[in-house]
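Open the model in your viewer and keep the selection tool at hand. Each stop below tells you what to pick and what you will find there.

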Amino acid sequence: MCSLRIKGRFFNFSIINVHSPHSGSTDDDKDAFYAQLEREYDRCTSHDVKIIIGDLNAQVGQEGEFRPTIGKFSAHQQTNENGLRLIDFAASKNMAIRSTFFQHSLPYRYTWRSPQQMESQIDHVLIDGRHFSDIIDVRTYRGANIDSDHYLVMVKLRPKLSVINNVRYRRPPRYNLERLKQPDVDEGELDETFLEDCWSTVKAAINDAAESTIGYVERNRRNEWFDEECRTVLEEKNAARAVMLQQGTRQNVECYKQKRKQQTRLFREKKRRLEEAECEEMELLCRSQETRKFYQKLNASRNGFVPRAEICRDKDGGLLTDGREVIER
């Protein structure tokens with residue numbers, strides 16, 4: 001169980017991702033899980049939009065007595081024991097199981113394929129009743145290969161905007177364009193244009209000389225171990241998975257498992273070879289007293305991939321999401 005709090009412009013989102021005990025677990029384990037879930041839910045800020053997602057191992061039916069906690073379009077007719085526990089928890093917290101409210105064909109409601117090739121809907125999405133209409137669609141994307149016996153579940157979220165605008169709109173000041181007709185302003189504009197042309201010429205000359213003399217720094221690839229051999233094995237595994245989804249025979253399932261094992265072994269071997277090569281390179285840098293490059297390589301291997309920051313805060317603490325605003329900041 002893990003929780004994530006996302007800052008929004010008008011209100012924040014508290015998302016709780018869970019993995020519930022399966023039907024064969026003991027009642028004590030199930031009670032402990034829902035007690036922990038209730039504590040995590042109560043820890044969320046009261047004004048946040050609270051959403052629970054994940055593998056809840058619960059089959060929710062279409063019984064009318066459980067509405068409006070559940071919808072009419074579940075993949076199952078009857079609710080099992082885990083489903084009753086989930087409905088009781090949702091009703092106690094005034095939540096709705098939104099994954100049962102959207103009318104899709106059965107293949108796009110199933111979220112899990114068992115080893116016996118039986119499909120069921122055990123992954124769900126819950127949201128508090130106050131923000132019931134924020135979720136406008138929930139469906140399964142069977143074609144997305146996430147290398148799991150679960151299918152990818154996509155949720156479309158459209159939060160409501162606040163009707164209260166606490167920040168007054170300030171009209172930007174307008175430039176006095178009439179001053180451009182004055183002679184002194186015209187001369188200054190011509191001088192500025194002349195300087196801009198001179199600087200463009202100098203800048204182009206510097207860039208051309210630097211490019212022809214020293215060149216550019218090559219960017220490091222994220223997955224240097226992923227070559228054409230890995231790509232071929234990955235495509236073969238994806239093709240075997242597509243065949244298994246169309247015809248779930250024993251032969252197709254076994255073929256997919258073999259391709260998956262082959263891919264795992266190859267990827268693991270490629271990563272191990274890359275790590276060995278990086279260790280040899282770091283040892284060479286250390287022996288040659290290249291301290292700066294050595295620590296750069298060492299820190300990169302420790303930290304792994306670090307994405308670029310696409311969001312930052314302004315001087316007042318507000319979030320900047322526009323690319324140009326982030327660059328200027």
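This is a predicted model: local features need pLDDT of at least 70, side-chain atom pairs count only at pLDDT 80 or more; totals for chains, interfaces and linings use all residues.

K237 itself sits in helix α4. Is K237 buried or exposed? K237 counts as buried, because its relative accessibility is 3%.

E236 belongs to helix α4, residues 228–246, and K259 to helix α5, residues 250–287, so the bridge ties together parts that are 23 residues apart in sequence. E236 is partly exposed, at a relative accessible area of 33%. K259 is partly exposed too, at 24% relative accessibility.

Now move along α5 and select E281 with K297. Their side chains meet in a salt bridge, 3.5 Å from N to O. E281 lies in helix α5 and K297 in helix α6, residues 291–303, so this pair ties together parts that are 16 residues apart in sequence. E281 has a relative accessible area of 38% and is partly exposed. K297, at 25% relative accessibility, counts as partly exposed.

Then pick E269, R272, R273 and E276 together. Salt bridges that share partners join these four into one network.

**Next: a salt bridge from a strand to a loop**

How many salt bridges are there to find? The count comes to 19. For another one, select E119 and R142. Their closest N and O atoms are 3.2 Å apart. This pair links distant parts of the chain, 23 residues apart. E119 is in strand β6, residues 119–120, and R142 is in the loop between β8 (135–141) and β9. Colour the two by accessibility. E119 is partly exposed, with a relative accessible area of 24%. R142 is buried, because its relative accessible area is 15% and the cut-off for buried is under 20%.

**Next: helix α2**

Select residues 81–92. That is helix α2, with 12 residues.

Which residues of α2 are buried? They are N82, G83, L86, I87, F89 and A90. Turn the view to look down the helix axis. The buried residues fall within an arc of 165 degrees, so they line one face of α2. On the other side, D88 and S92 are exposed.

What do the buried residues of α2 pack against? Show helix α1 (27–43) and the strands β3 (49–55), β4 (95–97) and β7 (123–128). The buried residues pack against these four elements.

**Next: backbone details around α2**

Select N94, which follows α2. N94 is in the loop between α2 and β4. Its phi is positive, about 55 degrees, although N94 is not a glycine. With a relative accessible area of 55%, N94 is exposed.

Now go to the loop between β3 and α2, where N57 is found. N57 also has a positive phi, near 50 degrees, and is a residue other than glycine. Is N57 buried or exposed? N57 counts as buried, because its relative accessibility is 15%.

Stay in that loop and select P68, which lies there as well. Look at the peptide bond that joins R67 and P68. Is this bond cis or trans? The bond is cis, with omega about 10 degrees.

**Last stop: a surface patch**

Switch to a surface view and select Y175, L177 and L180. They make a nonpolar surface patch of about 400 Å². Where is Y175 in the chain? Y175 is found in the loop between β9 (152–157) and α3 (183–213). At 76% relative accessibility, Y175 counts as exposed.

Terms used
Residues are numbered from 1 along each chain as its sequence is written. Side-chain values use heavy atoms; hydrogens and water are left out. Patches are made of residues with over 30% relative accessible area and no salt bridge: like charges are joined within 9 Å, nonpolar side chains (Val, Leu, Ile, Met, Phe, Trp, Tyr) within 5 Å. Accessible areas come from the Shrake-Rupley method with a 1.4 Å probe; for residues, only the protein chains shown count as cover. Helices (H or I, at least four residues) and strands (E, at least two) are DSSP runs, numbered from the N terminus. Buried means under 20% relative accessible area, exposed over 50%, partly exposed in between (1.4 Å probe, protein chains only). The expected span of a helix is 1.5 Å times one less than its number of residues. The arc is that of the directions from the helix axis to the C-beta atoms. Contact means heavy atoms within 4.5 Å.
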